[in-house]
Amino acid sequence: MDFSTPPELEDLLHRASEFMEAEVYPLEATARQSFEEVLPAANEARERCKEAGLWAPQMPAEYGGMGLDFLPHAHMSETLGRSPMGHYVFGCQAPDAGNMEILHKFGTDQQKARWLRPLVAGEIRSCFSMTEPDRPGSNPTWMDTTAVRDGDDFVINGRKWFTTGGHLADVAIVMAVTNPDAAPHMRASQIIVPTDNPGFHHIRRLSIMGDVGYGWQSHSEVAYEDCRVPAENLLGQEGFGFLIAQERLGPGRIHHCMRWLGICERAFDLMCERSSQRMVAPDRPLGTQQVIQHWIAESRAEIDSARLMVYHAAWKIDREGTRAARNEISAIKFLVAGILQRVVDRAIQVHGGLGMTDDTPLAWFFRHERAARIYDGPDEVHKSALARSMLKKYGIELGSQGG
Ligand SMILES: Cc1cc2nc3c(=O)[nH]c(=O)nc-3n(C[C@H](O)[C@H](O)[C@H](O)COP(=O)(O)OP(=O)(O)OC[C@H]3O[C@@H](n4cnc5c(N)ncnc54)[C@H](O)[C@@H]3O)c2cc1C
């Protein structure tokens, strides 16, 4: 593996960092109080991002993006992850970015014209409705939501929650069972539902650690009640919903991991700055305490080791595809999520009471990123998958639910 960054990518990351300094970090203080309030300024920054040629890094130029390959975009994700507003301002925020990818890969020309183009342009917002309150999200082959064929339509019924960005979204991509008698991973399909459909109901924004959020930065419970959409809204083939979801989540996990590394680096910088500036006695900075030095050293070593593992997983995906790299993807998903929690927690501890306030981004990261150990597969599911693959070589065959 070559760890050097090509000069053109260095230049791009430098430009992105400068844009972050000038346009994104200044939004943070307001965003921490209210995402709704920061939206007008954030949307103006988005326009300047487009003008600077830094918009939608992962999407092809023909759709209005930068057309970055997988690895350069992973690097960009780290740079943008340093701020909670980075991905939004650059037009590559979850869940829109993942939806853009699947619409691009599996959408018909008509679906691309109607949904993908305005999504990439930032003119509309989308959400992804897979997880249900009454079924385990960790086992997405088992769900209650159905889509029944009726003439030229599908009629969808079911309840979903944790539909990120469902509040005020224009379109949802919903996972629903279309083929109940097929093998478990071939039962569901993905269907595009415009949210102005009378059968789509936004029920509530979930309160996440005391914060209901707003718009893109919120997570909703939604219901589909006799929600009738034309069969042409099927994304990809019928019964392929789970496989499309896997396509979406594999590379998506690399981008999450790189974003988390960006958060780690920001928390690390804040921790070191505070250690050097906060005096515990006259002429005695906090960083002279051995325990603080150990936290800094442990954080540095953990972040750097995580980055090498993420690069390796990305390198393998690039060469051999997502399926071949699934062990590496499982390993980084739980490893980096854990390092993220520890580094942010240490940074908060170093800041003392200040760390608990919203005067720094640390408390925001702590609240919003605890979920990293849960979404896109909880830690335990990835650990079991990795162990299952390892034990297979030793003659132990385990099912996906263990046992
Ligand atoms: C902030 C946030 C954003 C999200 N965004 C979206 C979104 O946009 N769209 C969407 O569809 N979903 C989204 N989700 C849902 C997410 O994907 C699920 O929460 C996740 O898949 C876990 O499912 P669950 O909550 O039903 O937990 P469950 O499946 O009930 O699992 C609960 C716990 O049980 C344990 N567990 C589960 N299975 C196993 C196993 N096989 N072995 C050992 N232990 C196990 C784990 O500790 C797990 O945390 C989001 C979640 C969060 C927190």
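The domain assignment divides the chain into domain 1 (7-93), domain 2 (126-236) and domain 3 (243-392), with bounds that come from an automatic or database domain assignment. The structure is a predicted model, in which local features need pLDDT of at least 70, side-chain atom pairs count only at pLDDT 80 or more, and totals for chains, interfaces and linings use all residues. Residues are numbered from 1 along each chain as its sequence is written.

The centres of domain 1 and domain 2, taken over C-alpha atoms, are separated by 28 Å. Four residues from domain 1 and five residues from domain 2 take part in the contact between them, two residues being in contact if their C-beta atoms, placed from the backbone, lie within 7 Å. The side of domain 1 that touches domain 2 comprises two nonpolar, one polar and one charged residues. In this classification Ala, Val, Leu, Ile, Met, Phe, Trp, Tyr, Cys and Pro count as nonpolar, Asp, Glu, Lys and Arg as charged, and the others, Gly among them, as polar.

The chain contains 13 helices and 10 strands, defined as DSSP runs numbered from the N terminus (helices: H or I, at least four residues; strands: E, at least two). For 403 residues, a compact globule would have a radius of gyration near 22 Å, and the 22 Å of the chain agrees with this; the radius is taken over C-alpha atoms, and the globule rule is 2.2 Å times the number of residues to the power 0.38. Along the principal axes, the C-alpha atoms fill a box of roughly 80 × 55 × 45 Å. Of the contacts in the chain with a separation of 6 or more, 70% are between residues 24 or more positions apart. Buried residues account for 43% of the 403 residues, where a residue is buried if 20 or more other C-beta atoms lie within 10 Å of its own, exposed if 12 or fewer, and partly exposed in between, with C-beta atoms placed from the backbone.

Helix H4 (residues 70-81) has 12 residues and spans 16 Å from its first C-alpha to its last, close to the expected 16 Å at 1.5 Å a residue; the expected span is 1.5 Å times one less than the number of residues. Helix H4 is largely enclosed by the rest of the structure, because nine of its 12 residues are buried. Among them are His 73, His 75, Met 76 and Leu 80. The buried residues of H4 pack against helix H1 (7-24), helix H5 (86-89), helix H8 (241-277) and helix H9 (290-320).

The ligand is surrounded by 21 residues, the closest being Met 130, Pro 136, Gly 137, Ser 138 and Thr 164; a residue is near a molecule or strand if its C-beta atom, placed from the backbone, lies within 6 Å of it. By class, this shell holds 10 nonpolar, 10 polar and one charged residues. Domain 2 and domain 3 each contribute at least three residues to the shell, and strand E1 (126-129), strand E3 (153-164) and helix H13 (379-392) each supply at least two.

His 382 lies in helix H13 and counts as buried, with 23 C-beta neighbours inside 10 Å. Its contacts, not counting residues up to four places away in sequence, are Ser 330, Lys 333, Phe 334 and Gly 377. His 382 and Phe 334 are 48 residues apart in sequence, yet 6.7 Å apart in space, C-alpha to C-alpha.

Particular backbone geometries complete the description. Ala 94 and Pro 95 are joined by a cis peptide bond, with omega about 0 degrees. Phe 162, in strand E3, has a positive phi near 60 degrees and is buried, with 22 C-beta neighbours inside 10 Å.
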